[in-house]
Amino acid sequence: MKISEETFDVLKNFSTINPSISIKQGNVIRTISEQKNILSQKVVSESFPQEFAVYDLNQFLGLVSLFKEPEFSFGEKEVSIIGGSAKSRYTFTDPSMVTSPPEKNIELIDPEVCFNMPYASLKSIINGANQLSLPEIVVRGENGKIFLVATNAKNTTTNEFSVEVGETNATFNMIFKTENLKFMSYDYQVKISSKGVAQFSSEENSLDYWVATEAGSEYHG
């Protein structure tokens, strides 16, 4: 079978969440961070013929990059890769060696904060956080507006950079680690629950991320 570039882009992104992955039979790829504070799921165009696990996902992706238009033949314990005159045999790891996501996704019931987040806004706030070496991104509701704010939540005198993304009647500060918002380049519908979790969904691309909010997050209706 062939695996699309889009699916490899998904795997590259998921490798930033967890360096290992266990893929179930079918067309859904899921991962969870080792700290279990980030969960993600993507429906892909391929249907994998069996369950398999890769311990070093970046190593596997690097191997695949050596091939031009590779073909993959999945066995019980390994996958054979053939492309042109090159070929490789890559052995799967034991699934018990990988932190695997739960069977069910997180369902957010009556989330208090909802808005649309263009990828351009996310990219801008991530760049701002990196430029100013800021550890957190806060979804802040104040004065009728929703902002993405790059900040240091533990330092009231810190530098900040913000982007307006919506309107609200509530006041809130939902804190996320900057490193936990490494998403694929899509626009997202955002839902945040005061119970400590947010969902970032790209319905058009069948992609979801669930990310835990950090201590100190507050919501006032």
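Biologist: What makes a residue count as buried in this protein, and what share of the 221 residues is buried?

Modeller: This is a predicted model. A residue is called buried because its relative accessible area is under 20%. Buried residues make up 49% of the 221. The protein exposes about 11,900 Å², and carbon and sulfur atoms supply 44% of that area.

Biologist: Why are S2 and S8 called edge strands?

Modeller: The open sheet of six strands has the order S2-S3-S15-S14-S13-S8, with antiparallel pairing. S2 and S8 (113-117) each have a single partner strand, so one side of each is left without a neighbour in the sheet. Neighbouring strands of this sheet are turned by 20 degrees against each other on average, direction ignored.

Biologist: How do you know that S8 and S13 pair?

Modeller: Two strands pair if there are at least two bridges between them. S8 and S13 (residues 188-193) have five bridges, in the antiparallel sense, so they qualify as a pair. Phe-115 has Val-190 in S13 as its bridge partner. On this sheet packs H1, touching S2, S3 and S15, and its direction makes about 160 degrees with that of S3.

Biologist: What is the strand order of the open sheet with five strands?

Modeller: The order is S11-S10-S9-S12-S16, and the pairing is antiparallel. S11 (161-167) and S16 (218-220) are the edge strands, each pairing on one side only. The twist averages 20 degrees from one strand to the next.

Biologist: What makes S9 and S12 a pair?

Modeller: Six bridges join S9 (residues 136-142) to S12 (residues 171-177). The criterion is at least two, so the two strands count as paired. They run antiparallel, and the bridge partner of Val-138 in S12 is Ile-175.

Biologist: Which strands of this sheet does helix H3 touch?

Modeller: H3 (residues 119-131) packs on the sheet and touches S9, S10 (145-151) and S11. Its direction makes about 155 degrees with that of S11.

Conventions:
Residues numbered from 1 in each chain as written. Predicted model: local features only at pLDDT ≥ 70, side-chain atom pairs only at ≥ 80, totals over all residues. Heavy atoms only, no water. Buried < 20%, exposed > 50% of the residue type's maximum accessible area, 1.4 Å probe, protein only. Areas by Shrake-Rupley, 256 points an atom, 1.4 Å probe, with all protein chains shown as cover. Helix = DSSP H or I, 4+ residues; strand = E, 2+ residues; numbered from the N terminus. Axes fitted to C-alpha atoms, helices over the stretch in contact; angles between N-to-C directions. Contact = heavy atoms within 4.5 Å.
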